[in-house]
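Walk through this model one element at a time. Keep the structure open beside the text.

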Amino acid sequence: MSADTRILLESLGVTSGHIGGTLKVHSPNTGELIAEVVETSVSEAVTHIEAAHQAFLQWRLIPAPKRGELVRLFGEELRAHKDAFGKLVSVEVGKITSEGLGEVQEMIDICDFAVGLSRQLYGLTIATERADHRMMETWHPLGVVGIISAFNFPVAVWAWNACLALVCGDAIVWKPSEKTPLTALATHALFNRALDRYKAAGYEAPEGLSALLIGGKEVGEALVAHDKVPLVSATGSTAMGRAVGPKLAARFARALLELGGNNAAIIAPSADLDLALRGVAFAAMGTAGQRCTTLRRLFVHDSIYDAFVPRLKQAYGSVKVGHPLEEGTLIGPLIDAHAFQGFEKALDEARGVGGKVTGGERVDINGAHSYYVRPVLVEMDAHIGPVLRETFAPILYVMRYSDIRDAIDLQNAVGAGLSSSIFTNDVREAELFMSAAGSDCGIANVNIGPSGAEIGGAFGGEKETGGGRESGSDSWRAYMRRATNTINYGRTLPLAQGVKFDV
Ligand code: UN1
């Protein structure tokens, strides 16, 4: 393992026991092998799941605000280690410094949110039709929550799920992307520190409350198949969701799916073009186009196309592609060779259907085993070919429109339904876009791009995006089970719907 990586991992409390295994970790920044990590076997995975179930049986009995204290301590560990952890995110997935730190900040934010939530797991009291009765609903812990996460948000998305699940009284078992075991190990090391402090302060926490499964598809499958896992929250491709969803449905487990996006923005005639330019630039090029919420399709009104698109091209040409930890870099590398091939294939196809490509050259920053590319604008005459699918790379397809209705219909005319936005100062257009007849996505923004959501809102989307909602608002309900309670405090037994049954 490289000395730098060792120092970074040690500073985050990752012990050498995890290192020296069969899973090879390459930094996308250089292509170098930076670590070999010990993998979890399928039988070990099953042992972890069963232990987590036992832990759940205890954890569910601990009052929610006391469970919240554990998450609060975890947030403190994250705050104390933010710099090193953010750097590890940059090393393992190639995020620029501010985005690596932002990822850890997102974890801290969800910790704070979950701590507050631990005193707000409310149910309703409902008016009943019967005298001397009360009807209410109670939210109870659900069980073991399986979390499958993707490389692009290697730790924040786990935190969205884990922090809510823990305050809801669930145990958690996590299968991170096989591309990002180091940040997963660091997360777990920091979480275990919080657990130690929690116990030292006199609180009870059962063994096995949170487990980590390092490895490939087989351990993920073990999680999806296990009947002691009533909920699997999975982030990744639509193909992964198609494989996981039916398996969960077959055993009546819940699926919380956050799958692909093919997110669009509309630039309307009244838009503030300076603001739109910055919004589009970040949403389309940020994180080298590797967010689920990345802007991939842009519909620009005819009347401003010639004013806006040349400026956008200029921004694309001037943005700095480079090593993500170098000052001034805005675009880091693609995650690996496979991502680069997908990028090239989409561009070839786009050219084949008449797309006019600006940018897209490979840039040699750190030799042949790292994949840096210049972000690309592809001007298209039609909404066809690769425009219709998600390519996880910085490619923005740009199209003209003349009628807002057509633009909204086209933005909805793809499989995915995650995020969307409109840039306009026309209140009618903005409201139409957010209305029932507007964007069909889980996220519909006005005058900001589709990416970079805050944790306070519910995150997720419709159609092939999978329908799940994570993070803020009332997403916590997915991690609990609801009981409806009817209590009779009278001396008679009136039946609902006026039924008579006198024995
Ligand atoms: C993802 O890409 O899987 O909205 C999650 C955003 C982030 C989360 C993205 N807060 O860009």
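Thr-125 has Met-136 as its bridge partner in strand S4. Two bridges connect strand S3 to S4 (residues 133-141), and the two run antiparallel. Strands here are DSSP runs of E with at least two residues, helices are runs of H or I with at least four, and both are numbered from the N terminus. Two strands count as paired if DSSP finds at least two bridges between them.

This is a predicted model, in which local features need pLDDT of at least 70, side-chain atom pairs count only at pLDDT 80 or more, and totals for chains, interfaces and linings use all residues. Numbering starts from 1 along each chain as its sequence is written. The mean pLDDT of the protein is 97, and 100% of the residues score at least 70. pLDDT is the predictor's confidence in each residue, from 0 to 100. Both ipTM and pTM come out at 0.97.

Back to S3 and S4. They belong to an open sheet of three strands, ordered S3-S4-S23, with antiparallel pairing. Its edges are S3 (125-126) and S23 (480-488), each pairing on one side only.

Strands S1 (residues 19-26) and S2 (residues 33-37) run antiparallel and share five bridges. His-26 sits opposite Leu-33 in S2. Six residues separate the two strands of this hairpin, and Gly-31 in the turn has a positive phi of about 85°.

Now take the sheet of seven strands. It is open and mixed in pairing, with the order S12-S15-S16-S11-S10-S18-S19. S12 (356-359) and S19 (443-446) are the edge strands, and each pairs on one side only. Neighbouring strands are turned by 20° against each other on average, direction ignored. Thr-358 has Leu-377 as its bridge partner in S15.

Axes are lines fitted to C-alpha atoms, for helices over the stretch in contact, and angles run from 0 to 180 degrees between N-to-C directions.

Helices pack on each other too. The axes of H3 (residues 64-80) and H6 (residues 156-167) come within 8 Å and cross at roughly 145°. On the H3 side, Ala-64, Arg-67, Gly-68, Leu-70 and Val-71 meet Cys-163, Leu-166 and Val-167 of H6. By class, this contact has six nonpolar, one polar and one charged residues. Ala, Val, Leu, Ile, Met, Phe, Trp, Tyr, Cys and Pro count as nonpolar, Asp, Glu, Lys and Arg as charged, and the others, Gly among them, as polar.

Finally, the ligand. Around it are Asn-152, Phe-153, Val-157, Thr-235, Arg-291, Cys-292, Thr-293, Ser-451, Gly-452 and Ala-453. A residue is near a molecule if its C-beta atom, placed from the backbone, lies within 6 Å of it. The shell divides into four nonpolar, five polar and one charged residues.

How values were computed: Two residues are in contact if their C-beta atoms, placed from the backbone, lie within 7 Å.
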